[in-house]
Amino acid sequence: QVQLVESGGGLVQAGGSLRLSCAASGRTFSEYDISWYRQAPGKERELVGVSFSSSSTYYADSVKGRYTISRDNGKNTAYLQMNSLKSEDTAIYYCTNEVYWGQGTQVTVSS
């Protein structure tokens, strides 16, 4: 079983930055992809990006150029660096290996 715990959310002004962390326990972290999703109030959950086990990454068009996903396999942790934040980035952010999900962390961007 894998446990995923997000942290780093909070309140930030538009144009600011936040870095989210996703700490994993359980089986070998380096073997699986880590995806970041977000869900805004009243909206469906959407994929933000993916850190593949191959070290490549994928980003949704809405965050491309502003968000950066990275991972430290030695620390069993993935990161989501969010820059140039906009009010529409406000959401609960989740990390997942597509089987197990974290509890989510709230990101609120004030305009």
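Me: How do you know which residues and atoms count here?
Reply: This is a predicted model, so local features need pLDDT of at least 70, side-chain atom pairs count only at pLDDT 80 or more, and totals for chains, interfaces and linings use all residues. Residues are numbered from 1 along each chain as its sequence is written, and side-chain values use heavy atoms, with hydrogens and water left out.

Me: What makes Phe 29 and Tyr 32 an edge-to-face pair?
Reply: Rings of Phe, Tyr and Trp (its six-membered ring) pair if their centres lie within 6.5 Å; planes under 30 degrees apart are stacked, over 60 edge-to-face, the rest tilted. The centres of Phe 29 and Tyr 32 are 5.6 Å apart and the planes stand at 80 degrees, so the pair is edge-to-face.

Me: Why is the pair of Tyr 37 and Trp 101 called tilted?
Reply: The ring centres of Tyr 37 and Trp 101 are 5.0 Å apart, and the planes are at 45 degrees, so this pair is tilted. Tyr 37 lies in strand E4 and Trp 101 in the loop between strands E9 and E10, so the pair ties together parts 64 residues apart in sequence. Strands are DSSP runs of at least two residues, numbered from the N terminus.

Me: What makes Arg 45 a charge over a ring?
Reply: The rule asks for NZ of Lys or CZ of Arg within 6 Å of the ring centre and within 35 degrees of the ring normal. Arg 45 lies over the face of Trp 101, at 4.1 Å from the ring centre. The charged end of Arg 71 sits over the ring of Phe 29, 4.6 Å from its centre.

Me: What makes a nonpolar core, and how many residues has the largest?
Reply: A nonpolar core is a set of buried Ala, Val, Leu, Ile, Met, Phe, Trp, Tyr and Cys residues joined through side-chain atoms within 4.5 Å. The largest has 27 residues. Ile 34, Trp 36 and Tyr 93 are among those with the most contacts inside this core.

Me: What makes E2 and E6 edge strands?
Reply: Two strands pair if DSSP finds at least two bridges between them. The open sheet runs E2-E10-E9-E4-E5-E6, with mixed pairing. E2 and E6 each pair on one side only.

Conventions. Helix = DSSP H or I, 4+ residues; strand = E, 2+ residues; numbered from the N terminus. Buried < 20%, exposed > 50% of the residue type's maximum accessible area, 1.4 Å probe, protein only.
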